[in-house]
Amino acid sequence: MSTYEIYKGLYAAVLKAVAASGDPDIARFGSGFAGGEQGWLDPGVNLLPAADFLDSMDARDDSVYKPVLDAFTACRYVLFWEQTYKKQDGVVNDEMLAGYGFAEIIGINGPLVSDTIRCGIGVWGPNIEYPVHSHDAEEIYVILAGSATFTLGDNLPKFHTGDDVVFVSSGLRHSFTTASAALAVLYFWQGGDLRQISSFS
Ligand SMILES: [Fe+2]
């Protein structure tokens, strides 16, 4: 299977899960989901240790997102895994840098090119703190496996696990800490600069 076919397959799995989710926040992102791809850039392969966490993750059998997790897991070693932050930025700790990564399937840099939506899988190891940050894009995290405690704005921290949808509005300060198992999320961004570096101030 070509790389293009792999990404098209992942995108198809995401579209199917999005259609089945019935979540109102996900529905609001709808225009970018359908037919959003405008071109194709082959990203090549880049591996990070975080990809290994997908070896031992399971979604609930009845989850509409299980096919998405399974599809990413099947091709985890041929994806382009990346990180937004570097050690010299000083914004996230060494544990997070050693244990997180994401693989984009659609976004302004491809592999399926879109200037309206960004989507991919993000993986964090156990007991990792993603500190408070914000960005102009509104964001959705769909928990595929594992769990984490999220803090959105001034709200009290809230525990989220499989199939939960966490919506982050534009500019809202947010953070999370993963539980004792690794976390996998399907993420979406729309609005603003789709590759904006988050603000940690
Ligand atoms: Fe965010």
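**Exercise 1.** At roughly what angle do the axes of helix α1 (residues 3-21) and helix α4 (residues 66-74) cross?

Before you start: this is a predicted model, where local features need pLDDT of at least 70, side-chain atom pairs count only at pLDDT 80 or more, and totals for chains, interfaces and linings use all residues. Residues are numbered from 1 along each chain as its sequence is written, and side-chain values use heavy atoms, leaving out hydrogens and water.

*Solution.* 
- Step 1: the two axes come within 8 Å and cross at roughly 165°.
- Step 2: that makes α1 roughly antiparallel to α4 (angles over 145 degrees count as such).
- Step 3: for the contact (heavy atoms within 4.5 Å), α1 supplies Leu10, Ala13, Val14 and Ala17, while α4 brings Pro67, Val68, Ala71 and Phe72.
- Step 4: sort those residues and you get 8 nonpolar, no polar and no charged.

**Exercise 2.** Work out which strands pair with β7 (residues 138-145), and whether β7 is buried or exposed.

*Solution.* 
- Step 1: look at strand β12 (residues 183-190), which pairs with β7 in the antiparallel sense over 7 bridges (pairing takes at least two DSSP bridges). Here tyrosine 141 has tyrosine 187 of β12 as its bridge partner.
- Step 2: Glutamate 139 sits opposite valine 168 in β10.
- Step 3: check burial (under 20% relative accessible area, 1.4 Å probe, protein chains only). In β7, 8 of the 8 residues are buried, so the strand is largely enclosed by the rest of the structure.

Conventions: Buried means under 20% relative accessible area, exposed over 50%, partly exposed in between (1.4 Å probe, protein chains only). Helices (H or I, at least four residues) and strands (E, at least two) are DSSP runs, numbered from the N terminus. Axes are lines fitted to C-alpha atoms, for helices over the stretch in contact, and angles run from 0 to 180 degrees between N-to-C directions. Angles under 35 degrees count as roughly parallel, over 145 as roughly antiparallel, 65 to 115 as roughly perpendicular and the rest as oblique. Ala, Val, Leu, Ile, Met, Phe, Trp, Tyr, Cys and Pro count as nonpolar, Asp, Glu, Lys and Arg as charged, and the others, Gly among them, as polar.
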